[in-house]
Structure formats: C-alpha cells, structure tokens
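Please read the following points with the sequence and the model open side by side. They are meant for someone who is meeting this structure for the first time.

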Amino acid sequence: MVADALIYHPTVAHYLKFVSTTVGRDKVLRTLQYFSRFLAWYLYRTNHPQSTISPFEATKKQFGLTRKLMRVGKFVEHFKAAAIASDNKSMDPVLRYTAIGRQLGYAGYMLFDNATVLDATSIKKFAASQRLLREAYRAWFAGISCSIVSSLYSLYKLRERSLNISEKDGEGVVEKKKVAKELNAVRIQLISDLCDITVPSAALGWANFDDGFVGLAGTVSSLLGVYGQWKKTA
C-alpha cells in the first residue's frame, strides 16, 4: 500500500514529466556543473588537498561536456525562433528586435559551440577550437544582452500598464493580477540573465570575475531554470 501510494503520487508523475524533457535534464546538470565550479574554487581557496578538489573539477568538466553534446543541433531551433520573431509584425518593435537579436545570439553561440565538439571530446583536436569557442562566447554575450534589454523594457511597459488599471471592478482586479504575474516572470528572467552574463564576460576577459563568483551566479540562474521548467511541466 505504501509503495503504491508513492508510485502513483502526483509528484512522481510530475517528476517523470520533468526529467523526460531535455531542458529539465540540462538545467539539473547545469546546476551541478556550476555548483561544482564554485566548490572547487572554494576548496582551493581554503587550502584543501587536491584529492578533495579533484572530484568537483571532474564533475564540472564532465557535466559541461555532457551538456555540450546535448546541445548539438540546437542552433536550428534558435534560427527558427528568430525567423518567427522577424515575421511577427504586430509585435512591439523593441520586443521584436530584441527577440531577433536574442535568438540569433543564442543560435550563433550554439553553432560555434557545436563546432568545438570534436575537439572537446578529443575525437579530433584542432587549433581553431579556442577561437571558435571565443566567438561562441561573444554570440552568447550578445544574445543575453538583448534579453536583458527586452526584460528592462518589458518591466517599464508592464509597470506603466499596471498604473493605468482601475481596480474598481472585477475585470480590473483580474487584469491587475495578470500583470503582476507577468512582472514576476520578467523579473525572474532578468535575474537569470544578469547571472548568466557573468559566464561569457569572465571567459572573454571583459570582467574580472573569479570562478567562485561565476560558479555561484551560474548556480542561481540554473536553479531559476529548474524552477521554471518544473512549473511548465506541472
């Protein structure tokens, strides 16, 4: 009876839906990857022996490689999303152009990242891989920057819209709640993007962030991603 209650519990069904998605698995692996990055840095800074640090360095490296393989071919999805945004003439011009920029940035990141898979897996090493990786980080930075601009603009527009809603009738109350929900989603996305932009910034040498800061920032954005995907699969 206890086993049946556990097996057929709604949370178990929700969990199975979550892990059946590529995004769900990627966000969990990303959380472990970046938290391991932080722990490896922390243990090194606190003078722990290499034998203690090595498992976390290996976790960071292997989970990063696993995620790289999971991203193979994903650039097509982002090119398609950019084309759809470009065709959406009814969309707010700022949101439309930032959506195009975001998707093209992510597509470029995935494309260049995919080009380094053979080198990363040691199947075929080639000298140009590091240059391609830098181009991938530049494209990722551009995509995240567009996403941040989009979020800031959306916050401004939603707050402006919220101020113009009258709560004297039921329709206004419902609309107010809808706007509040949208505001919360945009804030979460903005926090996630601000955390994520530390990764390409540090990799390109544009910001002096150490592994500990990048690891914590990546962990936060990954947990937000896990939370978002968990809600989507509810």
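1. Helices here are DSSP runs (H or I, at least four residues), numbered from the N terminus.

2. This is a predicted model, in which local features need pLDDT of at least 70 and side-chain atom pairs count only at pLDDT 80 or more, while totals for chains, interfaces and linings use all residues. Residues are numbered from 1 along each chain as its sequence is written, and side-chain values use heavy atoms, with hydrogens and water left out.

3. Leaving aside neighbours within four places in sequence, Trp 140 is in contact (heavy atoms within 4.5 Å) with Arg 30, Tyr 34, Gly 105, Tyr 106, Tyr 109, Asp 196, Val 199 and Pro 200.

4. Ser 147 lies in helix α8 and is buried, at a relative accessible area of 4%, where buried means under 20% (1.4 Å probe, protein chains only). Beyond its neighbours within four places in sequence, Ser 147 is in contact with Arg 102, Tyr 106, Gln 189 and Asp 193.

5. Arg 96, found in helix α6, also counts as buried, at 11% relative accessibility. The side chain of Arg 96 reaches the backbone oxygen of Ser 86 at 2.7 Å.

Conventions. Helix = DSSP H or I, 4+ residues; strand = E, 2+ residues; numbered from the N terminus. Buried < 20%, exposed > 50% of the residue type's maximum accessible area, 1.4 Å probe, protein only. Polar contact = N/O pair within 3.5 Å; in protein donor to acceptor, adjacent residues only side chain to side chain.
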